[in-house]
Amino acid sequence: MWGLIRRGVLLGTTLLALFFSAQGLAQGTSLNGQWQFIQSHTLLSPQDLSKVQAWRTVKVPSLLNTNPTNGLYGNYRIRFNAPMRITHSERPQTLYIAGIRHNDRVYLNGERIGQVGRFTKNWQIILDNPNNLPRAYPLPNALLKPTNNELIIQIQLGFGQAWGAMLPGGVGISGNVEIIDEHTATKQYTQAVTTIHIIDSIIILLGIVDLALIVLLFKSTLHKFPEFIWLLLGSGLLFCGSLLLDIGHLQGITNDATKLTLLLCILFTPLVNAIFFNVQQRLATPAMLWSVTFGVTVCAFLLLTPFIPKEIKPAAWLVWSALTALLFIFSLVCAGLSIKQKRVGSITIFLGLCMYILSINTRWLPFEGLYNRNLVIGSLFFRYALVWAYFLKIKDISVHYQRLTRQMLSRLEDQKKSTARDIHDELGQYLSSAKLHLQLSEKTGQPQHHTLLKSELQNAIVSMRRIIEGLHPVVLEKRSLKEAIDMDAERLTKRNQICIEADVADLTVSLSNAAHIYRLVQELLGNITKHSQAKCAWVSIRQNKRSIIIRVEDDGIGVDHHSAASMSEGFGHVSLHERVQLLGGNIEYGIPKSRQGTFVNITLPIASD
């Protein structure tokens with residue numbers, strides 16, 4: 001019984017396979033024979049191509065591995081026989097190509113049967129061609145022969161004869177080539193174009209949402225990120241570049257100025273992204289950034305201006321390519337440093353940047369993207385990775401602010417109690433004693449009461465200055481930052497029996513930032529005297545063209561993971577980080593190589609002044 005059922009299932013499966021196979025044969029035939037390909041520096045006619053001998057065999061569908069220096073134009077050729085069911089069919093037949101990257105021109109037996117897009121000359125950069133559209137070219141019955149048909153498909157490989165001057169996303173026939181009836185071809189073409197419209201519309205909608213999210217984050221956060229403006233500009237340029245898709249070709253956007261403007265956005269995107277990362281790390285000086293900006297601008301002008309001699313454009317392209325590669329490497333280095341510094345969201349940004357760089361050349365990927373949308377999808381992934389990272393940053397800052405607010409209120413109450421206690425226990429006692437000696441001096445007239453009165457008043461003045469100094473570093477209004485830190489180090493050395501050596505350069509900073517630096521050093525030295533059990537501590541402050549480097553080191557017991565975790569919850573640690581972040585700087589903890597203990601490095605940008 002089960003044997004009969006198995007035989008019945010097998011027979012039914014075989015009949016269904018034969019039925020669908022017959023249906024496929026009835027609909028058309030695939031041209032999957034031996035395709036040949038050759039590059040040329042000029043557009044050749046079918047008659048000229050018939051004289052060429054140096055054809056090479058290629059696989060279709062697949063992307064070409066070519067170099068525009070060998071010619072801007074590619075020529076496919078296949079010779080085939082047409083089955084009788086096609087040549088004798090009463091239905092109109094259509095050459096259907098599921099996908100071609102960029103423009104094409106098609107010949108059948110020496111006669112042109114169709115063209116999409118326009119061919120351009122060397123360095124005539126007008127990206128007015130489809131990105132990856134299907135083709136449906138009607139076949140005149142008189143052209144299709146039973147045997148020895150020759151199909152030639154010409155495509156453009158690049159926009160300039162220089163290494164890497166390829167059209168975006170690669171070139172070649174990316175879909176199957178077949179001859180089918182007109183009704184089926186129209187149905188498949190409509191479905192493919194509708195899908196492309198939907199994909200491009202979703203991409204553009206996601207780009208608009210991305211820009212809206214950035215603006216929303218920029219307006220809603222209490223902490224102002226200086227790199228936000230570059231984040232917004234970079235996302236805007238990537239969004240404009242995504243408009244160079246098939247949707248522009250399908251909608252009939254053929255204005256050359258519009259196309260060149262969108263292409264200009266693509267040329268400047270790597271620069272803007274690099275500036276975005278540099279605002280966070282400040283590895284490059286303003287002079288370096290201006291130099292690179294000038295180089296990219298000059299290259300873009302030379303490439304996109306029609307009247308510039310074509311002999312100059314290859315050099316401009318190579319310079320722009322080299323600058324772009326350096327900018328991407330620079331961005332990766334900055335993103336890697338953010339991971340090393342354990343910044344919130346840094347891993348997300350690094351992965352998004354890697355995905356974006358990888359998607360630039362789709363030939364590196366093991367799959368065909370959604371109608372050659374790999375680059376645009378990669379850029380969307382990068383942009384949303386940035387938005388998600390900043391959402392995490394803002395959430396983390398919000399938590400820190402809440403904790404800091406609670407601790408500040410608690411610290412403020414403690415400070416009020418401490419100030420009241422100091423006024424009562426010291427200043428109040430000195431003034432009460434002075435009043436007593438004044439009264440005794442008036443009654444007895446003895447000179448020792450007058451001397452004691454002066455002594456108590458002097459003590460009261462010293463106590464008052466100490467209280468004021470704890471509330472605000474008045475010393476900075478009369479002395480330099482170097483002198484103030486030296487005096488503080490000397491005072492702590494006497495009070496805590498710890499050797500503190502200060503090596504402070506003469507800094508050119510504003511009074512407000514000098515107060516910040518002074519408080520940072522005070523906080524660090526206070527932590528050393530309270531927790532480190534150190535015998536010696538060293539303070540070093542240096543200034544270069546780009547930043548101020550503060551290094552405080554001790555030879556104490558060091559900081560293990562448990563104490564570091566508990567320390568991170570303390571007010572001093574939080575306020576230290578908040579003050580450094582306010583100045584746009586970085587803070588790093590570590591263990592000295594030459595001794596036991598702890599060091600803290602703080603880097604503050606000069607621009608924060």
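Modeller: A helix here is a DSSP run of at least four residues, numbered from the N terminus. The model is predicted, and the part I will take is helix H14, residues 481–496.

I start inside the helix. Lys 482 and Asp 486 both lie in H14, four residues apart, which is about one turn of the helix. Their side chains meet in a salt bridge, with 3.9 Å from N to O; the cut-off for a salt bridge is 4 Å. Lys 482 has a relative accessible area of 29% and is therefore partly exposed. Asp 486, at 28%, also counts as partly exposed. The structure holds eight salt bridges.

H14 also packs against helix H15, residues 511–532. The angle between the two is about 15 degrees, and their axes are 11 Å apart. Angles under 35 degrees count as roughly parallel, so H14 and H15 are roughly parallel to each other. Their crossing is right-handed.

On the H14 side, the contact is made by Leu 481, Ala 484, Ile 485, Asp 488, Arg 491, Leu 492 and Asn 496. These meet Ala 514, Ile 517, Tyr 518, Val 521, Gln 522, Leu 525 and Thr 529 in H15. Sorted by type, the residues of this contact are nine nonpolar, three polar and two charged.

For comparison, take a salt bridge elsewhere: Asp 104 and Arg 135 meet at 2.6 Å, N to O. Asp 104 is in strand E6 and Arg 135 in strand E8, so this pair ties together parts 31 residues apart in sequence. Asp 104, at 0% relative accessibility, counts as buried, and so does Arg 135, at 1%.

Notes
Residues are numbered from 1 along each chain as its sequence is written. This is a predicted model: local features need pLDDT of at least 70, side-chain atom pairs count only at pLDDT 80 or more; totals for chains, interfaces and linings use all residues. Side-chain values use heavy atoms; hydrogens and water are left out. Axes are lines fitted to C-alpha atoms, for helices over the stretch in contact, and angles run from 0 to 180 degrees between N-to-C directions. Angles under 35 degrees count as roughly parallel, over 145 as roughly antiparallel, 65 to 115 as roughly perpendicular and the rest as oblique. A crossing is left-handed if the near helix is turned anticlockwise from the far one by less than a right angle, and right-handed if clockwise. Contact means heavy atoms within 4.5 Å. Ala, Val, Leu, Ile, Met, Phe, Trp, Tyr, Cys and Pro count as nonpolar, Asp, Glu, Lys and Arg as charged, and the others, Gly among them, as polar. Buried means under 20% relative accessible area, exposed over 50%, partly exposed in between (1.4 Å probe, protein chains only).
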